[in-house]
Amino acid sequence: MSIGSRLKQLRETNNLTLEEVGKMINVSKQTLYKYENGIIHNIPSDKIEKLSKTYDARDVKSTKTERTRLWLILSYVRCLIQSRLHIQ
């Protein structure tokens, strides 16, 4: 599962709209859509941090919020490394 797919899954699991999450992390709903659909691959680290905190705070269905947060951060790092090494 890609980081974008995971972001979308987390948003939908928490019954949030693109606009609501965009406001929480200070991006437009269009930008968040691009994150979720892999159009923007290099999500800024401050946005990853805000997303992970947003879903940690709201993820009441899961008792594994730290794993979710770690997964998001590690996925982001992996994507950065792959893009810099041009590995697909």
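## Nonpolar core

In this predicted model, the largest nonpolar core comprises 15 residues. Leu7, Leu32, Tyr35, Leu51 and Tyr55 have the most contacts inside this core. At least two of the core residues come from each of helix 1 (3-13), helix 2 (18-25), helix 3 (29-36), helix 4 (45-58) and helix 5 (65-85). In soluble globular proteins, nonpolar side chains tend to be buried together.

Leu51 illustrates how the core is connected. Leaving aside residues up to four places away in sequence, Leu51 touches Leu7, Val21, Ile25 and Leu32. Of these partners, Leu7 and Leu32 are also listed, like Leu51 itself, among the residues with the most contacts inside the core.

## Overall organisation

The chain contains five helices and zero strands, and the order of its elements from the N terminus is α-α-α-α-α. Of the 88 residues in the chain, 35% are buried.

## Packing of helix 2 on helix 3

The axes of helix 2 and helix 3 lie 8 Å apart, and the two helices pack at an angle of about 100°. An angle of 65 to 115 degrees counts as roughly perpendicular, and helix 2 and helix 3 are therefore roughly perpendicular to each other.

On the helix 2 side, the contact involves Leu18, Glu19, Val21, Gly22 and Ile25; on the helix 3 side, these residues meet Lys29, Leu32, Tyr33, Tyr35 and Glu36. Classified by residue type, the contact of helix 2 with helix 3 has six nonpolar, one polar and three charged residues. Val21 and Ile25 of helix 2 and Leu32 of helix 3 are also touched by Leu51.

## Packing of helix 1 on helix 3

Helix 1 and helix 3 cross at roughly 125°, and their axes come within 7 Å. Helix 1 contributes Gly4, Ser5, Leu7, Lys8 and Arg11 to the contact, and helix 3 contributes Leu32, Tyr35 and Glu36. By class, this contact has three nonpolar, two polar and three charged residues.

Leu32, Tyr35 and Glu36 take part in the contact with helix 1, and these residues of helix 3 also meet helix 2. Leu7, Leu32 and Tyr35 are among the residues with the most contacts inside the core.

## The loop between helix 2 and helix 3

Val27 is located in the loop between helix 2 and helix 3. Its relative accessible area is 15%, so Val27 is buried. Apart from residues up to four places away in sequence, Val27 touches Gly22, Leu32, Tyr35 and Lys47. Val27 and Lys47 are 20 residues apart in sequence, with a C-alpha to C-alpha distance of 8.6 Å.

Asn26 is placed in the loop between helix 2 and helix 3 as well. Asn26 counts as exposed, at 54% relative accessibility, whereas Val27 is buried. The phi of Asn26 is positive, near 65°, in a residue other than glycine.

Asn15, in the loop between helix 1 and helix 2, is not a glycine but has a positive phi of about 55°. Most residues other than glycine have a negative phi. Asn15 is exposed, with a relative accessible area of 64%.

Asn42 belongs to the loop between helix 3 and helix 4 and counts as partly exposed at 44% relative accessibility. Asn42 and Cys79 are 37 residues apart in sequence and 7.6 Å apart from C-alpha to C-alpha. Thr13, in helix 1, counts as partly exposed at 32% relative accessibility.

## Confidence of the model

The average pLDDT of the chain is 79, and 73% of the residues score at least 70. Among the elements, helix 3 has the highest mean pLDDT (96) and helix 5 the lowest (69). For residues 59-63 the pLDDT is below 50, and this stretch has six contacts in the model beyond near neighbours in sequence. Where pLDDT is low, the predicted coordinates should not be read in detail.

Conventions: Residues numbered from 1 in each chain as written. Predicted model: local features only at pLDDT ≥ 70, side-chain atom pairs only at ≥ 80, totals over all residues. Heavy atoms only, no water. Core = buried A, V, L, I, M, F, W, Y, C linked by side-chain atoms within 4.5 Å. Buried < 20%, exposed > 50% of the residue type's maximum accessible area, 1.4 Å probe, protein only. Helix = DSSP H or I, 4+ residues; strand = E, 2+ residues; numbered from the N terminus. Contact = heavy atoms within 4.5 Å. Axes fitted to C-alpha atoms, helices over the stretch in contact; angles between N-to-C directions. Parallel < 35°, antiparallel > 145°, perpendicular 65-115°, else oblique. Nonpolar A, V, L, I, M, F, W, Y, C, P; charged D, E, K, R; others polar. pLDDT = per-residue confidence, 0-100.
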